[in-house]
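Welcome, and please keep your viewer ready. We will go from stop to stop, selecting a few residues each time and looking at what is there.

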Amino acid sequence: MSESPQKEPDEFDEIVGAETDRDPDLAVIEAGSRTLRTQSGPPQGDGVPSRPADPELDRALREVEAELAGRWPETKLDPSLVRVEALMDILGSPQRAYPSIHITGTNGKTSTARMIEALLGAFELRTGRYTSPHVQSITERISLDGAPISAERFIETYRDIQPYLDMVDASQEHRLSFFEVLTGMAYAAFADAPVDIAVVEVGMGGTWDATNVIDAGVAVIMPISLDHTDRLGTTPEQIATEKAGIVKQDATVVLAQQPVEAASVVLKRAVEVDATVAREGMEFGVLSREVAVGGQLLTLRGLGGEYPEVFLPLYGAHQAHNAAVALAAVEAFFGVGSEHARVLDLDTVRTAFASVSSPGRLEVVRRSPTVVLDAAHNPAGARAAAEAVTEAFAFSRLIGVVGASGDKDVRGVLEAFEPIFAEVVITRNSSQRAMDADELAAVAVEVFGPDRVQVEPRLDDALEAAITLAEEEGEYAGAGVLVTGSVITVGEARLLLGRG
């Protein structure tokens, strides 16, 4: 196990220092602007804006970020909807101004939300999407018409509701949290747009999540596995009980493949509230898939019939399953399978899926050698990523760069990647929650052995070391690099590799 000496402070240190001062618990590495699209349709580009070029606008955005950072971070939770309900009430219940699709589960939520958004946009509906966490920019969390809201609109939305935030803060035992405020901003922005439909991803759990003040007609439950066990429970049943709280009276539940014990909890909840259930592998699913250049070619079975030759520009079996869930959710929203049996327009579905991007999810950001980013941060996500990398990339040798949060099952993540990593470079990101590089390396040595582990506490050094290791085999040898372990690590790597 080796460690290189520290470099002198430079631009990277300034980036990390600024971000850590502003918000140590979040990957606020960039926040930026993109002009709001005036026409509905599938999302364009990768959806990751850069910082505002205008210094005054950038300063104003940093002020808002600092004010948000002064609140309870996302890692601190209070199992209550009292504060966010009070905010919605004083804002005039903006979350009731449009129908919504609500998404929970352990893995795959953001990618599936982006697919649902693309499908709805392709059918000429104006969409609002609320997802978390962000890869690089806080403005990624609130999207209209498939694009993050501009920095100007983000600031304007915050300042518009700020007086009401103060009123709620003054009336409650605890101030509104960072996530509660952002949720209020999203719901207000969607009502103001106005959107035809909102696609909303829970922050954590379900029942007590701040997003759960909506009355979604379609509830999507992605695969449930163990994560956030200190807050949600230590068994699939306990976690499923919390997540099933998004299922409302008479809703349609779109249920991804689940452990039996988790599925039984959701089905029981559905019976209690007279919800209709569509199950992956029963009412819908993936009929076939084959690896294609730049992604995969799918045949999906929806609630209304088959959808052949659907190209999805994302890698891995897990993304194919996400696509099946997204399609079923949109069909359910349109009443397919309950009110009538028909397929959605096939060309429109194909166009929508072909437009999908999911930054930081097996995303190629460099060639020669190939560098891939994946935000896997729990064992289930890591296993899915490992399988997908093996299937989609013919790497002769793969170098891992891993930086994880201290509250995660890092051993489980490392064990999932051990079979595919020839060597691993251990590092850390700029978050206060990041696991110390030496602590993580100690676990890595137990999993990989000392000869396969290198330590580079600075992420830029870690990337350079991994690329150097990959290049040792020669220009045509086919070695690659996978950066993983945390959304924050991936976001910072994305910026350092020039994708910000």
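Which residue with a positive phi follows α16? Select G498: this residue comes after α16, and its phi is near 85°.

Before moving on, a word on the model. This is a predicted model, in which local features need pLDDT of at least 70 and side-chain atom pairs count only at pLDDT 80 or more, while totals for chains, interfaces and linings use all residues. Residues are numbered from 1 along each chain as its sequence is written, and side-chain values use heavy atoms, with hydrogens and water left out.

**Stop one: helix α16**

Now select residues 487–496, which make up helix α16. Helices (H or I, at least four residues) and strands (E, at least two) are DSSP runs, numbered from the N terminus. Of the 10 residues in α16, 8 are buried. Here buried means under 20% relative accessible area, exposed over 50%, and partly exposed in between (1.4 Å probe, protein chains only). Among the buried residues are V487, I488, E492 and R494.

What do the buried residues of α16 pack against? Show β13 (363–366), β14 (370–373), α15 (459–471) and β18 (479–484) to see these partners; contact means heavy atoms within 4.5 Å. Then look at the start of α16, where a side-chain oxygen of S486 comes to within 3.0 Å of the backbone nitrogen of I488. A polar contact is a pair of N or O atoms within 3.5 Å; within protein, one must be able to donate a hydrogen and the other to accept it, and residues adjacent in sequence count only if both atoms are side-chain atoms.

**Stop two: the open sheet**

Next, colour the 8 strands that form an open, mixed sheet in the order β5-β4-β3-β6-β2-β7-β8-β9. Two strands pair if DSSP finds at least two bridges between them. At the edges stand β5 (147–148) and β9 (276–279); each has a single partner strand, so one side of each is left without a neighbour in the sheet. Strand β8 (residues 252–255) pairs with β9 in the parallel sense over 4 bridges. Pick T252 and you will find its bridge partner, T276, in β9.

Helix α6 (residues 178–192) lies across β3 (127–130), β4 (142–144) and β6 (197–201), running at about 10° to β4. For these angles, axes are lines fitted to C-alpha atoms, for helices over the stretch in contact, and angles run from 0 to 180 degrees between N-to-C directions.

**Stop three: salt bridges**

How many salt bridges does a search of the whole structure find? The search finds 24, each being a side-chain nitrogen of Lys or Arg within 4 Å of a carboxyl oxygen of Asp or Glu.

Select R59 and E63, whose closest N and O atoms are 2.5 Å apart in a salt bridge. Both sit in helix α2 (residues 55–69), 4 residues apart, or about one helical turn. R59 is partly exposed at 40% relative accessible area, and E63 is partly exposed at 37%. E63 also meets R159 in a salt bridge (3.8 Å, N to O). That pair links helix α2 with helix α5 (residues 151–171), 96 residues apart. Show E56, R59, E63, E67 and R159 together to view a network of salt bridges.

Finish with D169 and R71, a salt bridge with its closest N and O atoms 2.8 Å apart. D169 lies in helix α5 and R71 in the loop between α2 and α3 (82–91), so the pair ties together parts that are 98 residues apart in sequence. D169 is buried at 12% relative accessibility, and R71 is buried at 7%.
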